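Take a moment with the model below.

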Amino acid sequence: MKTNHISLTFTSISENVALTRLIIASVGAQLDLPLNDIEELKVAVSEAVSNAIIHGYSNSPDYIVFLDLDFEDGTLKIEVRDEGCGIANIEQAMQPAYSTDPERMGLGFVFMQSFMDELQVESTPEVGTTVTMMKHFKQIPISSH
Amino acid sequence: MGYIENIYCDKILGGLVLNLEKKIERLTLILRLNGELDMHTASMVRQAIDIEIDKRGIRTVILNFQDVQFVDSSGLGVILGRYKKLLPLGGKLKITNVPPHIYKIMELSGLPKIISFYLDEAHAYEEGRGA
């Protein structure tokens, strides 16, 4: 199994969320993951990046979101970082159905937790938030390409 | 007599992010979605539905998910939001033709507990009309 690293910095505009899904889907395809796993990774990435734009940067298009993908020893690590407002109470933010917006379901972290093996959130108010997600793949066939 | 209107969102990499086809019959709006429903395209869906509820007095909204490839919590939020908007107006939101991988996400969110799902548009349209 090859190791792989991808780093992407992008502007905090909502159009870029789809771009991050394309990237994770490509990485998943490289690893010969089943379609179902790729769909789940797309949701997890979409949620983390949307959170950075919506909550970290309050939907302002003038900031930068950082995405790092690492694949090593059968583990895919996805890190999404913003330098936004931060989360004062991480425990509260991660509760199902907790949302700061009535139009939203408060399910972002629930989906990340459901579809990934590990989820870690580090945040400092006025400094930013880093979401780290891990997925362990045991028996990925060695790709010929 | 109904009519059909197409609304196109922006394109990336040659593919449509989300295309909406609106069909209106009496007080029912049928919205066929084609593409991905995320935080970017959710606002387009919200506007497309709300304008018909507010201006035309639409009270039944049928969302056809047959050609939806992706939904996340932002997309589910816009569906729940339309349900909440229609409820006090005595209206109804119905969802049809959901692909299995999309239904999985919806099920995890608990959406099928409050919103009615149908096999196709015909079943959704007939139900509640006494037909």
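Start at Thr96(B), whose bridge partner in β8(B) is Tyr118(B). Keep in mind that this is a predicted model. The strands here are β7(B) and β8(B), with β8(B) covering residues 116–118 of chain B. They pair in the parallel sense over three bridges. To get from β7(B) to β8(B), the chain passes through α3(B), and this β-α-β crossover is right-handed.

Now look at another partner of β7(B). Strand β6(B), residues 60–71, pairs with β7(B) in the parallel sense, over five bridges. β7(B) itself spans residues 92–96 and is mostly covered, with four of its five residues buried.

Next, turn to where the chains meet. Here 20 residues of chain B are in contact with 19 residues of chain A. On the chain B side, α1 (39–56), α2 (73–86) and α3 (100–109) each supply at least two residues. The most come from α2(B), with seven. By class, this side of chain B has nine nonpolar, seven polar and four charged residues.

Finish with the largest nonpolar core, which has 63 residues. Ala44(A), Ala48(A) and Val49(A) touch the most other members. Helix α2 of chain A, residues 35–56, gives the largest share of this core, nine residues. What is Ala44(A) in contact with, leaving aside its neighbours within four places in sequence? The contacts are Ile78(A), Phe111(A), Met112(A), Phe115(A), Met116(A) and Met133(A).

Methods
Residues are numbered from 1 along each chain as its sequence is written. Chains are lettered from A and ligands numbered from 1 in the order in which they are written. This is a predicted model: local features need pLDDT of at least 70, side-chain atom pairs count only at pLDDT 80 or more; totals for chains, interfaces and linings use all residues. A nonpolar core is a set of buried Ala, Val, Leu, Ile, Met, Phe, Trp, Tyr and Cys residues joined through C-beta atoms within 7 Å. A residue is buried if 20 or more other C-beta atoms lie within 10 Å of its own, exposed if 12 or fewer, and partly exposed in between; C-beta atoms are placed from the backbone. Two residues are in contact if their C-beta atoms, placed from the backbone, lie within 7 Å. Ala, Val, Leu, Ile, Met, Phe, Trp, Tyr, Cys and Pro count as nonpolar, Asp, Glu, Lys and Arg as charged, and the others, Gly among them, as polar. Two strands pair if DSSP finds at least two bridges between them. A crossover is right-handed if, with the strands pointing away from the viewer, the path from the first strand over the helix to the second runs clockwise.
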